[in-house]
Amino acid sequence: MSIHIGSNSTGARKSATLHLLPCSIVSDGPAKVQQFFQPKENTDMLSTTFRGRELAGKTVQLPESHQGIILSEPSRPFTEDQDRSMKITDTFDSFTYWNLQTPPSDQDKVARALQWATLASVIHDNGTEENIQQ
């Protein structure tokens, strides 16, 4: 099976606002987020409720060397063995992740995963003296 990724005919744009919620939603598509999901900004985090549950969130930037993409799949294959074709519909360079009641921290799985990009670039660096001193 192969996955083919092409760009949208109108061109991907950097306009997507993403929220990573600590739940499963049985829907896959656009939502009226601006209208119904309105976080409040506190001193160092965001807060809101979703379906009666308190959420605490934080907006994080992707590392400069990375870019997030949003893919859509116009038609899914009938079997897992068939090739898949996807289109890039949007790009993003930041997103907001949410915890249930717990304030966001550097020990959250999302924050630690983003730290990996920096660590991986150091591990795979060519070892020049300038980069080692950083």
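How many aromatic pairs does the count come to? I looked this up first, keeping in mind that the model is predicted.

**Entry 1: aromatic rings**

The count comes to two aromatic pairs. I took the pair of F37 and F50 and found the ring centres 6.2 Å apart, with the planes at 75 degrees. Planes over 60 degrees apart count as edge-to-face, so the pair of F37 and F50 gets that label. I then looked up where the two residues sit. F37 is in the loop between helix 1 (33-36) and strand 3 (40-41), while F50 is in strand 4 (residues 46-50). The two are 13 residues apart, and the pair links distant parts of the chain.

F37 has 10% relative accessibility, and because the cut-off for buried is under 20%, F37 counts as buried. F50 comes to 22% and counts as partly exposed.

The other partner I noted for F37 is W98. The rings of F37 and W98 form an edge-to-face pair, 5.5 Å centre to centre and with 85 degrees between the planes. W98 lies in strand 8 (residues 94-100) and F37 in the loop between helix 1 and strand 3, so this pair ties together parts that are 61 residues apart in sequence. W98 has a relative accessible area of 3%, so I wrote it down as buried. Taken together, ring pairs link F37, F50 and W98 into a cluster.

**Entry 2: strand 8**

How many residues of strand 8 are buried? I found six of its seven residues buried, so strand 8 is mostly covered.

I looked up its pairing next. Strand 5 (residues 53-61) pairs with strand 8 in the antiparallel sense, over seven bridges. In this pairing I noted Q61, which stands opposite S94 in strand 8. Strand 2 (residues 19-20) pairs with strand 8 in the parallel sense, over two bridges. Here L20 stands opposite Y97 of strand 8.

T96 is buried, with a relative accessible area of 7%. What does the side chain of T96 make a polar contact with? The partner is the side chain of T59, at 2.8 Å. Leaving aside residues up to four places away in sequence, T96 touches L18, H19, L20, L46, K58 and T59.

Strand 1 and strand 7 (residues 84-92) run parallel and are joined by five bridges.

**Entry 3: F92**

I stayed with strand 7 and looked up F92, which is found there. Is F92 buried or exposed? F92 is buried, with a relative accessible area of 12%. Not counting residues up to four places away in sequence, F92 touches A16, L18, L62, Q67, G68, I69 and I70. For one of these, Q67, I also noted the C-alpha separation from F92, which is 6.3 Å. F92 and Q67 are 25 residues apart along the chain.

**Entry 4: the whole chain**

Last, I looked up the totals. The protein chain has three helices and eight strands. Along the sequence, these follow the pattern β-β-α-β-β-β-β-β-β-α-α. The chain has 134 residues, of which 22% count as buried. Its accessible surface comes to about 10,500 Å², with 50% of this belonging to carbon and sulfur atoms.

Residues 24 or more positions apart account for 63% of them. The pair of F37 and W98 from my opening entry has a separation of 61 residues.

Notes: Residues numbered from 1 in each chain as written. Predicted model: local features only at pLDDT ≥ 70, side-chain atom pairs only at ≥ 80, totals over all residues. Heavy atoms only, no water. Phe/Tyr/Trp six-rings, centres within 6.5 Å; stacked < 30°, edge-to-face > 60°. Helix = DSSP H or I, 4+ residues; strand = E, 2+ residues; numbered from the N terminus. Buried < 20%, exposed > 50% of the residue type's maximum accessible area, 1.4 Å probe, protein only. Pairing = 2+ DSSP bridges. Polar contact = N/O pair within 3.5 Å; in protein donor to acceptor, adjacent residues only side chain to side chain. Contact = heavy atoms within 4.5 Å. Areas by Shrake-Rupley, 256 points an atom, 1.4 Å probe, with all protein chains shown as cover.
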